[in-house]
Amino acid sequence: MYNYNKEAKLKIYISCAIIFGIFIGSGNLIKADIEKILPIYSVNTEEKQIALTFDVAWGDEDFEDVMRVLEENEVKATFFLVGDWAKKFPEHVKTLAEKGHDIGNHSNTHPHVTKMTKAEIETDIKAAHEIVKEITGLDMDLYRPPYGEYNNDVIKAAEACKYFTIQWDVDSLDWKEYGKQPLIDKVLKHKNLTHGSIVLLHTGTKHTKDALEEIIKGLKQKGYEIVPTSQMIMREDYKVDHTGRQFKL
């Protein structure tokens, strides 16, 4: 009798384990079926255009130098501002608006947004939005999450705030401070550089301000027109493929 009960219990345990495994497996399949939403990394365009974008979060030591280079080379760029930075340097924010550069939202306090709820992300985006609007009167609609981190909730939160989430397909890695020439080469020789590319740069780095003019001239020599991100992306009737490239429907 004892052996029978032991065998019966073992069979029950095995059956439960199989059922539990099927349940967990099905859950993973369901989870895998949830579509991953991608931001815009680049734009499919017949025009030989690219966008230079700057993430702006700390300090203003090189701000005037960057602005000077852009103006001397007649280039309009896109600046993604952290709300705290905008609050600290309102005159710089006004300058960006007056010079006709894109101003985008880079969060309010530069948090790790993937660790936040959708509601918390929306609150953060709206806080930065209001700071910049109070300074410039402009309603931003381009959002770049801090650290380039995102998940579906991040993109849905941005959409709820009427923003397009913008990443990049050409990373300059300027924050690693390899040097002026390596920075120039990283952009101009990047494997992804093509029509509709979005280039990531930062202010507050050691070499960006010194490399910027040669980057601009090199891009122009390759035949690229440098335009603000807002001029390049599509705002309706589009899809984003698995690489983050935006296509017209």
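This is a predicted model: local features need pLDDT of at least 70, side-chain atom pairs count only at pLDDT 80 or more; totals for chains, interfaces and linings use all residues.
View 1. The chain as a whole averages a pLDDT of 90. Of its residues, 87% score at least 70.

**View 2. The largest nonpolar core and its neighbour.** The largest nonpolar core holds 53 residues. Six of them touch the most other members: L52, F54, L70, F79, L212 and L219. In soluble globular proteins, nonpolar side chains tend to be buried together.

**View 3. Contacts around L219.** L219 is one of the residues that touch the most other members of the largest core. Leaving aside residues up to four places away in sequence, L219 touches I50, L52, L188, L193, Y224 and I226.

**View 4. K48 over the ring of Y224.** Y224 is one of the residues that L219 touches. K48 lies over the face of Y224. The distance to the ring centre is 5.0 Å.

View 5. The structure holds five aromatic pairs. A pair of aromatic rings is described by the distance of the centres and the angle of the planes. F63 and W85 form a tilted pair, 6.0 Å centre to centre, with 45° between the planes. F63 lies in helix α2 (residues 63–72) and W85 in helix α3 (residues 83–88), so this pair ties together parts that are 22 residues apart in sequence. W85 also pairs with F89. That pair is tilted too, at 5.2 Å centre to centre and 45° between the planes. Together, F63, W85 and F89 form one aromatic cluster.

View 6. Are F63 and W85 buried or exposed? F63 has a relative accessible area of 4%, so F63 counts as buried. W85 is buried as well, at 3% relative accessibility. F89, the partner of W85 in the second pair, is likewise buried.

**View 7. T165 in strand β6.** T165 is found in strand β6, which spans residues 164–165. Its relative accessible area is 6%, so T165 is buried. Which residues does T165 touch, not counting those up to four places away in sequence? They are P39, I40, Y143, P145, I155 and A158.

How values were computed:
Residues are numbered from 1 along each chain as its sequence is written. Side-chain values use heavy atoms; hydrogens and water are left out. Helices (H or I, at least four residues) and strands (E, at least two) are DSSP runs, numbered from the N terminus. Buried means under 20% relative accessible area, exposed over 50%, partly exposed in between (1.4 Å probe, protein chains only). Contact means heavy atoms within 4.5 Å. A nonpolar core is a set of buried Ala, Val, Leu, Ile, Met, Phe, Trp, Tyr and Cys residues joined through side-chain atoms within 4.5 Å. Rings of Phe, Tyr and Trp (its six-membered ring) pair if their centres lie within 6.5 Å; planes under 30 degrees apart count as stacked, over 60 as edge-to-face and the rest as tilted. A charge sits over a ring if NZ of Lys or CZ of Arg is within 6 Å of the ring centre and within 35 degrees of the ring normal. pLDDT is the predictor's confidence in each residue, from 0 to 100.
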